[in-house]
Amino acid sequence: MSELVINKKLLDILSTPMQILLYINEMGEGSLMDLVKTSGMSWHTIQKWIPILEENGLITVREEKTSVGTTKKIVKLTSIGKAIVEKLLELNETLNELGK
């Protein structure tokens, strides 16, 4: 299976929350810090949008204990979030085909 390449044009036209969904999809699931690293977005941006995505049923957020006793938030797409990402990936494929 080849690595997914997200067309820059797609990232240019997508809102920040939709970009975050793509990055969560890429990770499968991960901590908010993983999401900051994967996306290149600021901590503030991630913190702003995660509750909104969760409230709208697009992601789940759970807390997990770390080895040092602190907690970290783990994010994962819901079935609705996955359905939206599928549509975004279809758009990505179309943009890649048009760019050839």
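Predicted model: local features only at pLDDT ≥ 70, side-chain atom pairs only at ≥ 80, totals over all residues.
**Stop 1: the core.** Select Ile-20, Ile-24, Leu-35, Ile-46, Ile-50 and Ile-59. Of the 22 residues in the largest nonpolar core, these touch the most other members. Now color by element. Helix 2 (16-27), helix 3 (32-39), helix 4 (43-55), strand 3 (71-77) and helix 5 (79-98) each supply at least two residues of this core. Helix 2 gives the most, with five residues.

**Stop 2: Ile-20.** Center on Ile-20 and show its surroundings. Leaving aside residues up to four places away in sequence, Ile-20 touches Leu-35, Met-41, Ile-46, Trp-49, Ile-50 and Leu-53.

**Stop 3: helix 2 against helix 3.** Draw both axes. They lie 10 Å apart, and the helices pack at an angle of about 110°. That makes helix 2 roughly perpendicular to helix 3. For the contact, select Ile-20, Tyr-23, Ile-24, Glu-26 and Met-27 on helix 2.

**Stop 4: helix 5.** Check its length. At 1.5 Å a residue, the 20 residues of helix 5 should span 28 Å; the end C-alpha atoms are 29 Å apart, which agrees. Next, select Gly-81, Val-85, Leu-88, Leu-89, Asn-92 and Leu-95, which are buried. Look down the axis of helix 5: the buried residues fall within an arc of 115°, so they line one face. They pack against helix 1 (8-13), helix 2 and strand 3.

**Stop 5: the other face.** What does the face of helix 5 turned away from its buried side carry? Select Ser-79, Lys-87 and Leu-98: these are exposed residues on that face.

Technical notes: Residues numbered from 1 in each chain as written. Heavy atoms only, no water. Core = buried A, V, L, I, M, F, W, Y, C linked by side-chain atoms within 4.5 Å. Buried < 20%, exposed > 50% of the residue type's maximum accessible area, 1.4 Å probe, protein only. Helix = DSSP H or I, 4+ residues; strand = E, 2+ residues; numbered from the N terminus. Contact = heavy atoms within 4.5 Å. Expected span 1.5 Å × (residues − 1). Arc of directions from axis to C-beta. Axes fitted to C-alpha atoms, helices over the stretch in contact; angles between N-to-C directions. Parallel < 35°, antiparallel > 145°, perpendicular 65-115°, else oblique.
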